[in-house]
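Dear colleague,

I am handing over the structure we spoke about, and my notes on it follow below. Please read them with the model open beside you.

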Amino acid sequence: MRGQLKAWACLGCLLALSFPAPAAQASAAPATVATAAQACRVLAAKPVVSSGLVRGTVTRAGCADEARLRVRIKVAASGADPVVKSGSQVVGNGRVTAKVRCTGTQRRYYVVALDSQGRVDQSRSARLSCGGRAASAGGFASAPETAVVRLTNQARAKSGCRALVHDPKLHLAAERHSTDMAVNNYFAHDSRDGRSFDQRIKATGFAFRLAGENIAKGQPTAAAVVRAWLDSPGHRANIMNCSFTRIGVGHHTKGPTWTQDFATS
């Protein structure tokens, strides 16, 4: 299977264990050398629902100076899409989050990031609501992400493990990391700012006793990436760990780049 794979697990954040990938796939993808102007960018994460609120988060990264970073949560509508919530903060490198109460009616939300120096990014949209089973069952996830969860659970069922629940907070952690790796052209469990996967999960507000992460790059479909993970002992160990109860899957089309975050709350 062509592509790159890496897996980590963390027990209570006290012990980190690395599982080696096959020799031909073990090294992370090299980062490109860029000027400060090229490296400085803004990123908009796909909105998610948490505690009855639609949350939109934007990030400014790789910048050597400060600028006002603005987040806008918008709703797709006929005509001009209205901004339902916005916020801003002067940052060098950092995040800004806006929150708006969601409704029982499913609506298509997306997030726009922009800074005062003219950088702009727009997230993928997500159909979200707080009034029905459809949204809580995974309306925050894309089709490839949902397919990875389904295929992962099919594999777990063969070993007698219960199905993992796709959790919005774990999804946010995974999607942020896939996006960051794809946009900034690197491949590693540690973010460029030095944060480990368990720190990224905690940053979403998810409290856990056990956590793990699989990442991959280059597999074109959900079926291909799950097959590659299952063919690698370390990644398979995370997937088949019956102690895990929740999962978050993040996918970015560049690469393509994939992240699976597992946890037990």
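Ser191 touches His177, Asp180, Tyr186 and Arg200, when residues up to four places away in sequence are not counted and contact is taken as heavy atoms within 4.5 Å. Ser191 sits in the loop between α4 (168–184) and α5 (197–203), and with a relative accessible area of 7% it is buried (buried is under 20% relative accessible area, exposed over 50%, partly exposed in between, with a 1.4 Å probe and protein chains only).

This is a predicted model, in which local features need pLDDT of at least 70 and side-chain atom pairs count only at pLDDT 80 or more, while totals for chains, interfaces and linings use all residues. Residues are numbered from 1 along each chain as its sequence is written, and side-chain values use heavy atoms, with hydrogens and water left out.

As for the whole chain, it has 7 helices and 15 strands (DSSP runs numbered from the N terminus, H or I of at least four residues for helices and E of at least two for strands). Of its 265 residues, 52% are buried.

Helix α3 (residues 143–158) packs against helix α6 (residues 222–230) at an angle of about 40 degrees, with the axes 9 Å apart (axes are lines fitted to C-alpha atoms over the stretch in contact, and angles run from 0 to 180 degrees between N-to-C directions). The two helices are therefore oblique to each other, since angles under 35 degrees count as roughly parallel, over 145 as roughly antiparallel, 65 to 115 as roughly perpendicular and the rest as oblique. The contact is made by residues including Pro144 and Leu151 of α3 and Val226 and Trp229 of α6.

Best wishes
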